[in-house]
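Visitor: Please show me the structure. I would like to know what stands behind the words used to describe it.

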Amino acid sequence: MDESYAGLPTSHLLGSVPAVISSAPERKPEYANPQANLQIFPPNNGVDKGKSSKSYEGLGSPSGGNEEPPTNSWKGYFNIASYTQYFDVDTDVVLDRIKSSLYPHHGDFFTKIDGNPDLYGLIWISTTLVFVVAAFGNCATYLMDKSSNSKTTWNFDVGYLSMAACAIYGYTLVVPAAFFFLLQYLGSSPSLVRFWCMWGYSLFIFICCSFLMIPPLEFVRWTVILVAGVVSAFFVAFNIKSYIGGSDVNLVVVASFVLQLVLALFIKIWFFS
């Protein structure tokens with residue numbers, strides 16, 4: 001029955017239109033599959049997936065790329081990320097640099113830190129020295145007064161802490177900066193970060209000698225502080241001399257040596273007398 005109906009001619013019927021057969025495949029509208037463009041977001045658009053995702057991460061997230069923000073402009077000095085490279089040190093590196101500061105002729109300190117100068121030692125050592133000098137200075141003063149007057153009562157002088165902070169922080173920041181500008185004026189090309197690093201580690205020996213100056217023995221105190229001052233001064237002067245090379249600026253080397261001795265005498269006279 002189906003075949004009989006299909007064989008009837010239909011072209012003579014009123015209102016009939018002959019079918020148009022197209023050889024081209026039927027094209028679906030773009031909105032036929034609404035999920036086609038929602039499977040991947042953002043769309044690749046013919047770009048490699050890894051590169052596309054990296055570009056989107058770089059726009060919205062600071063961790064999208066490994067590149068650090070540029071520091072050649074003045075805005076870089078106010079960006080914390082610009083200073084992370086100066087704290088990229090581990091315990092072994094810090095201990096090795098501390099050993100170099102205790103042995104002035106152990107090697108050229110600037111050559112040791114040339115690839116990775118750090119500010120961690122400057123902050124950690126100077127802060128430790130501030131609290132150690134303030135605390136042990138009070139103990140030494142109390143023991144000295146107790147040896148002369150047994151009725152002396154304990155009295156912690158808070159002024160030791162503020163004075164130690166002003167003196168030590170000021171010294172470790174201002175003195176290297178002064179030598180930096182002085183050597184620039186003399187035609188050299190110094191590095192302020194390397195100077196801060198070297199002067200910071202030069203203070204470690206004063207932390208050690210503070211323990212030995214607690215007993216109320218003036219002869220021992222003077223001997224300890226002078227030895228520590230000379231070792232620290234030789235460390236600074238030796239490295240300054242090796243840094244400036246053959247330049248005839250012996251006055252700069254002598255000045256660095258004398259300033260370290262002045263700091264040692266200041267610690268003894270102000271905190272351990």
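Guide: This is a predicted model. One place to begin is the salt bridge in which the side chains of Arg-194 and Asp-114 meet, at 3.2 Å from N to O.

Visitor: Why is the pair of Arg-194 and Asp-114 called a salt bridge?

Guide: The N to O distance is 3.2 Å, and the cut-off is 4 Å between a side-chain nitrogen of Lys or Arg and a carboxyl oxygen of Asp or Glu, so the pair qualifies.

Visitor: What does the pair of Arg-194 and Asp-114 tie together?

Guide: Arg-194 belongs to helix 7 and Asp-114 to the loop between helix 4 and helix 5, so parts 80 residues apart in sequence are tied together.

Visitor: Why is Asp-114 called partly exposed?

Guide: Its relative accessibility is 46%. Buried is under 20% and exposed is over 50%, so a value in between is partly exposed.

Visitor: How many salt bridges does a search of the whole structure find?

Guide: The search finds 5. One of them joins Lys-112 and Asp-96, at 3.3 Å from N to O. Lys-112 is in helix 4 and Asp-96 in helix 3, so this pair ties together parts 16 residues apart in sequence. Another salt bridge is formed by the side chains of Arg-97 and Asp-118, at 2.2 Å from N to O. Here Arg-97 is in helix 3 and Asp-118 in the loop between helix 4 and helix 5, 21 residues apart.

Visitor: How do you know whether Arg-97 and Asp-118 are buried or exposed?

Guide: Arg-97 has a relative accessibility of 4%, and Asp-118 has a relative accessible area of 0%. The limit for buried is under 20%, so both residues are buried.

Visitor: What makes Phe-109 and Phe-235 an aromatic pair, and of which kind?

Guide: Their ring centres are 5.3 Å apart and their planes are at 75°. Pairing needs centres within 6.5 Å, and planes over 60 degrees apart count as edge-to-face, so this is an edge-to-face pair. Phe-109 lies in helix 4 and Phe-235 in helix 9, so the pair ties together parts 126 residues apart in sequence. Both residues are buried.

Visitor: Why is the pair of Phe-266 and Trp-270 called stacked?

Guide: The centres are 6.0 Å apart, with 20° between the planes. Phe-266 and Trp-270 are 4 residues apart in helix 10, separated by about one helical turn. Phe-266, at 27% relative accessibility, is partly exposed, and so is Trp-270, at 43%.

Visitor: How do you know that Ser-202 is buried?

Guide: Ser-202 has 2% relative accessibility, and buried means under 20%, so Ser-202 is buried. Ser-202 is in the loop between helix 7 and helix 8. Not counting residues up to four places away in sequence, Ser-202 touches Ser-232, Phe-235, Val-236 and Gln-260.

Visitor: Which residues have the most contacts inside the largest nonpolar core?

Guide: They are Phe-195, Met-198, Trp-199, Phe-206 and Ile-240, in a core of 51 residues. Among the helices that each supply at least two residues of this core are helix 7, helix 8 and helix 9. Phe-195 is also part of one aromatic cluster with Phe-110, Phe-179 and Trp-199.

Key. Residues are numbered from 1 along each chain as its sequence is written. This is a predicted model: local features need pLDDT of at least 70, side-chain atom pairs count only at pLDDT 80 or more; totals for chains, interfaces and linings use all residues. Side-chain values use heavy atoms; hydrogens and water are left out. Rings of Phe, Tyr and Trp (its six-membered ring) pair if their centres lie within 6.5 Å; planes under 30 degrees apart count as stacked, over 60 as edge-to-face and the rest as tilted. Buried means under 20% relative accessible area, exposed over 50%, partly exposed in between (1.4 Å probe, protein chains only). A nonpolar core is a set of buried Ala, Val, Leu, Ile, Met, Phe, Trp, Tyr and Cys residues joined through side-chain atoms within 4.5 Å. Contact means heavy atoms within 4.5 Å.
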